[in-house]
Amino acid sequence: MNYIFSEKVSHLQASAIREILKFTSDPSVISFAAGNPAPEAFPVEEVQRISQKLFQEEPIAVLQYGITEGYTPLRDTMKARMLAQGNFKPETEELIITSGAQQVMELACKSLCDPGDTLIAEAPSFIGSLNAFKSYNVNLVGVPLDDEGMDPVKLEEALKANPNTKLIYLIPNFQNPTGKTTTLKRRKELYALAQKYNTMILEDNPYGDLRFAGEDVPTIKSMDTDNRVIYAGSFSKVLAPGIRVGYAIAPKPVISKMVVCKQVSDVQSNNFGQMLAYRFMQEVDFDAHLQKLRAIYKQKAERMMNGMDKHFSRKITFTRPEGGLFIWCTLPQGSDMMGFCSRAVQENKVAVVPGSAFMISEQDETFSFRLNYSTPTDEAIDNGIEMLGALTKEMFGE
Ligand SMILES: Cc1ncc(COP(=O)(O)O)c(C=O)c1O
């Protein structure tokens with residue numbers, strides 16, 4: 001049969017990058033291509049204990065339908081935590097539990113954007129969100145980042161050129177894929193531009209609790225004086241991505257619309273995951289748990305950066321993240337980045353993600369690739385970086 005797909009999704013293609021990523025299933029390949037939490041970061045024993053108690057004490061509640069907005073005790077806990085962090089205003093805002101932060105991007109776009117409306121994103125940005133936006137046929141416009149975050153001059157140009165902009169999508173902390181953090185000054189500038197051009201901001205913050213260097217920077221949500229920011233958070237990187245629990249905070253009318261849209265998507269988020277997240281926050285010292293995670297990622301990030309300092313050609317530059325999971329590495333202008341990534345995996349058995357995977361269109365020019373330090377072992381970091389370094393020297397000189 002000849003299947004004719006809807007216009008909405010017919011332009012979503014399996015990525016050319018898969019050709020590189022398919023090598024990561026080979027166990028002899030060292031993968032810096034993942035975006036997963038470190039295996040040692042999972043609180044397995046606590047999760048086992050809490051799960052057993054959940055099924056002993058409240059089995060029907062775990063197995064029964066729940067409400068679309070989310071498990072009330074978890075919502076209340078998150079509201080209190082977000083209020084304390086300055087990210088929630090009870091008078092004007094609500095909080096919905098979602099199936100991962102991924103669903104926040106989907107629901108925000110579904111609720112607010114018509115086909116052809118403009119959505120501005122950092123270029124590069126998180127591929128999962130970009131694909132969610134593309135599936136709603138928005139006019140997706142990329143604005144580059146400099147060392148302080150999204151370039152405000154180019155953002156203003158994009159806003160002027162696209163008066164139908166509905167959302168500006170930002171990942172201000174330890175951005176995926178660049179590892180960059182938007183400075184406070186820049187956050188204020190971006191918010192002021194959203195005010196000037198009367199558009200909303202979608203602030204995605206799944207890595208904010210994973211800062212291992214430098215000082216915390218206030219969220220854009222915390223400076224949202226006129227209710228134009230949708231804030232997305234997640235338990236994926238601080239507890240477990242497999243439980244699929246995220247959340248959004250937004251003005252009450254926006255959350256009401258997202259609730260209706262979620263009813264259509266999946267009715268509710270998984271009860272077990274929500275109840276586990278709630279009990280974990282009640283029964284385990286969550287802030288001590290976060291400290292443990294930060295120590296794990298600090299050690300791994302420093303190990304990788306030290307290896308890169310030692311082994312990489314001096315023609316290569318890379319970001320020095322203060323948190324999160326990623327380093328963004330840039331080859332000299334004009335070099336064959338795809339060729340480098342292919343040789344790395346085929347000849348040296350080291351997988352990285354070519355930067356084009358994170359561009360608005362895979363055809364957009366980039367000489368960068370993404371490295372992940374959370375998943376590989378220390379030994380794999382040492383060996384993989386040494387091999388990548390040797391390849392950089394061979395291709396680009398000392
Ligand atoms: C920037 C960013 N946003 C959102 C997500 C989605 O996370 P989840 O749906 O697991 O909460 C990810 C996952 O890697 C991410 O990197």
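Reply: Happy to! Let's begin with a term we will need: a pocket is an open set of grid points with protein on both sides within 12 Å along at least five of seven lines, and its lining residues have an atom within 4 Å of a point. Keep in mind that this is a predicted model.

Now to the sheet. It is open and built from eight strands, in the order E2-E9-E8-E7-E6-E3-E4-E5, with mixed pairing. At the edges sit strand E2 (93-98) and strand E5 (149-150), each of which pairs on one side only. Serine 234 has glycine 246, in E9, as its bridge partner.

Helix H7 (residues 127-134) touches strands E3 (118-123), E4 (139-146), E6 (165-170) and E7 (200-204), and its direction makes about 155° with that of E4. Helix H8 (residues 152-161) touches E3, E4, E5 and E6, and its direction makes about 165° with that of E4.

Finally, the second largest pocket has a volume of about 460 Å³. Its lining has 25 residues, and those nearest the centre are Gln85, Asn205, Gly208, Asp209 and Tyr231. Strand E8 comes back here: along with helix H5 (72-84) and helix H12 (286-311), E8 gives two or more residues to the lining. By type, the lining of this pocket splits into eleven nonpolar, nine polar and five charged residues.

Key: Residues numbered from 1 in each chain as written. Predicted model: local features only at pLDDT ≥ 70, side-chain atom pairs only at ≥ 80, totals over all residues. Heavy atoms only, no water. Pairing = 2+ DSSP bridges. Helix = DSSP H or I, 4+ residues; strand = E, 2+ residues; numbered from the N terminus. Contact = heavy atoms within 4.5 Å. Axes fitted to C-alpha atoms, helices over the stretch in contact; angles between N-to-C directions. 1 Å grid on protein atoms, 1.4 Å probe; cavity = no way out; pocket = protein on both sides within 12 Å on 5 of 7 lines; lining within 4 Å. Points joined across faces, edges and corners; volume = space filled by probe spheres on them. Nonpolar A, V, L, I, M, F, W, Y, C, P; charged D, E, K, R; others polar.
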